[in-house]
Amino acid sequence: MTSSNQTIAVRSGIESDQQFGAVTPPLYLSSNYTFADLEQPRRYDYSRSGNPTRDTLADTLAELEGGCGGVITSSGMSAIYLVTHLCGKDDVIIAPHDCYGGTYRLLNSLAEKGQFKVEFVDQGCEESLQQALQTKPKLIWIETPSNPLLRVVDIQNICKLAGQDIIKVVDNTFLSPVLQQPLTLGADIVVHSTTKYINGHSDVVGGAVIAKEQELFEQLTWWANCIGVTGSPFDSFITSRGLRTLSVRIRQHQENTQQVIEYLQKQPLVKNIYYPGLSSHPTHDIAKNQQKGFGAMLSFELHTEQANLRTFVNSLKLFSLAESLGGVESLICHPATMTHAAMAPDARLNAGISSSLLRLSVGIEDADDLVRDLDSAFQRCQIKVLHGEQHA
């Protein structure tokens with residue numbers, strides 16, 4: 001019987017306990033496991049290389065993404081680091097020019113150390129992408145929607161242009177398998193920061209790498225054990241608990257985001273809104289075709305000559321100023337000084353990240369409360385303008 005993603009996530013590990021018949025799966029904290037006899041290891045021998053609690057999460061995410069297997073890592077960044085081990089010093093990685101700041105920093109830093117070569121390319125420009133593909137890269141890194149400008153690229157088209165010989169990797173953190181399944185669009189690997197929507201409660205840091213085919217899965221599993229980036233059993237247990245409510249959370253996230261967007265569109269102090277769900281967004285049609293929804297992340301720019309950014313942010317009560325995203329609570333972030341501070345100023349400029357850009361992760365609070373909170377902050381900005389304090 002084929003189950004929906006919501007059912008798969010909810011039933012993750014349920015009734016798998018063979019000893020006592022526990023409904024929810026037990027947490028296996030043991031760091032090691034006995035051998036049945038000399039030269040007779042059981043399925044698990046050491047928790048870095050294998051753990052039943054971690055495998056429950058990995059198997060569920062692999063099923064949700066349509067992959068053959070998954071590796072759970074200690075963080076989203078260690079998931080990215082794991083994937084880079086598929087490349088050698090003479091190999092080229094093509095990455096987006098507007099990728100997450102941590103991804104940019106890692107790939108750039110490892111390339112400077114000679115572990116591989118990297119080219120940052122505007123993947124939304126087919127001419128630039130085609131030119132980069134002439135370098136015969138080993139791997140292409142795709143991030144869609146992008147962080148923080150929510151640009152969307154055509155996964156299927158990029159994978160087709162790349163061909164069979166290039167490893168196609170998609171960071172699916174912003175949407176989760178509920179809203180996008182890159183492996184069905186031609187990707188070979190999907191990466192998640194499970195810290196975000198998959199866990200959904202901002203209390204666990206983790207990552208995941210899902211492979212479509214067995215050969216890549218075995219390589220990733222070997223490297224994960226070798227370099228020791230596998231996630232802890234406890235973190236995997238908590239993440240599995242969060243995963244069970246992913247579908248219902250995503251629905252509420254998106255409903256709230258729609259109300260927030262409708263409010264921001266009417267706000268004169270907002271200069272630009274970046275959200276693929278808007279028909280005016282330049283990549284709206286691509287998002288509509290390859291996604292099952294537009295997500296709960298958005299960015300906007302303020303007219304900073306009229307509204308003081310610091311005043312606006314500090315006036316908010318229900319949007320916490322913090323990095324990360326995808327939790328039940330709403331967050332606001334200033335990418336230029338927070339998530340993308342690691343990028344050189346010229347790289348940020350090239351990616352289109354301005355000093356007036358703010359990013360929202362819309363939570364599942366009451367949507368009317370969120371709108372009232374935003375409205376109060378904008379009113380505070382307008383009061384400052386009237387008193388001549390906009391440049392304070």
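This is a predicted model: local features need pLDDT of at least 70, side-chain atom pairs count only at pLDDT 80 or more; totals for chains, interfaces and linings use all residues.
Residues are numbered from 1 along each chain as its sequence is written, and side-chain values use heavy atoms, with hydrogens and water left out.

**View 1. Helix 3 and helix 8 cross at roughly 115 degrees.**
Two packed helices are described by the angle between their axes and the distance between the axes. Helices (H or I, at least four residues) and strands (E, at least two) are DSSP runs, numbered from the N terminus. Axes are lines fitted to C-alpha atoms, for helices over the stretch in contact, and angles run from 0 to 180 degrees between N-to-C directions. The axes of helix 3 (residues 76-84) and helix 8 (residues 214-227) come within 9 Å. Their crossing is right-handed; a crossing is right-handed if the near helix is turned clockwise from the far one by less than a right angle, and left-handed if anticlockwise. Tyr81, Leu82 and Val83 of helix 3 make the contact (heavy atoms within 4.5 Å) with Leu220, Trp223, Ala224 and Ile227 of helix 8. By class, this contact has seven nonpolar, no polar and no charged residues. Here Ala, Val, Leu, Ile, Met, Phe, Trp, Tyr, Cys and Pro count as nonpolar, Asp, Glu, Lys and Arg as charged, and the others, Gly among them, as polar.

**View 2. Helix 3 also packs with helix 4 (residues 101-112).**
The angle is about 35 degrees and the axes are 10 Å apart. Helix 3 passes helix 4 in a right-handed crossing. From helix 3, Met77, Ile80, Tyr81 and Thr84 meet Gly102, Thr103, Leu106, Leu107 and Leu110 of helix 4. The classes in this contact are six nonpolar, three polar and no charged residues.

**View 3. Aromatic rings form pairs and a cluster.**
Rings of Phe, Tyr and Trp (its six-membered ring) pair if their centres lie within 6.5 Å; planes under 30 degrees apart count as stacked, over 60 as edge-to-face and the rest as tilted. The count comes to six aromatic pairs. Trp222 and Trp223 form an edge-to-face pair, 5.0 Å centre to centre with 90 degrees between the planes. Trp222 is exposed at 52% relative accessible area, and Trp223 is partly exposed at 27%. Buried means under 20% relative accessible area, exposed over 50%, partly exposed in between (1.4 Å probe, protein chains only). The ring centres of Tyr263 and Phe378 are 6.1 Å apart and the planes are at 45 degrees, so this pair is tilted. Tyr263 lies in helix 10 (residues 246-265) and Phe378 in helix 14 (residues 367-386), so the pair ties together parts 115 residues apart in sequence. Both Tyr263 and Phe378 are buried. Tyr263, Phe300, Phe312 and Phe378 form one aromatic cluster.

**View 4. His303 sits in the loop between strand 9 (297-302) and helix 12 (309-315).**
His303 is buried, with a relative accessible area of 19%. Leaving aside its neighbours within four places in sequence, His303 is in contact with Pro268, Leu269, Val270 and Lys271.

A disulfide is a covalent bond between the sulfur atoms of two cysteines. The search, which asks for sulfur atoms within 2.5 Å, finds zero disulfides in the whole structure. Cys125 is partly exposed at 27%, whereas Cys381 is buried at 1%.
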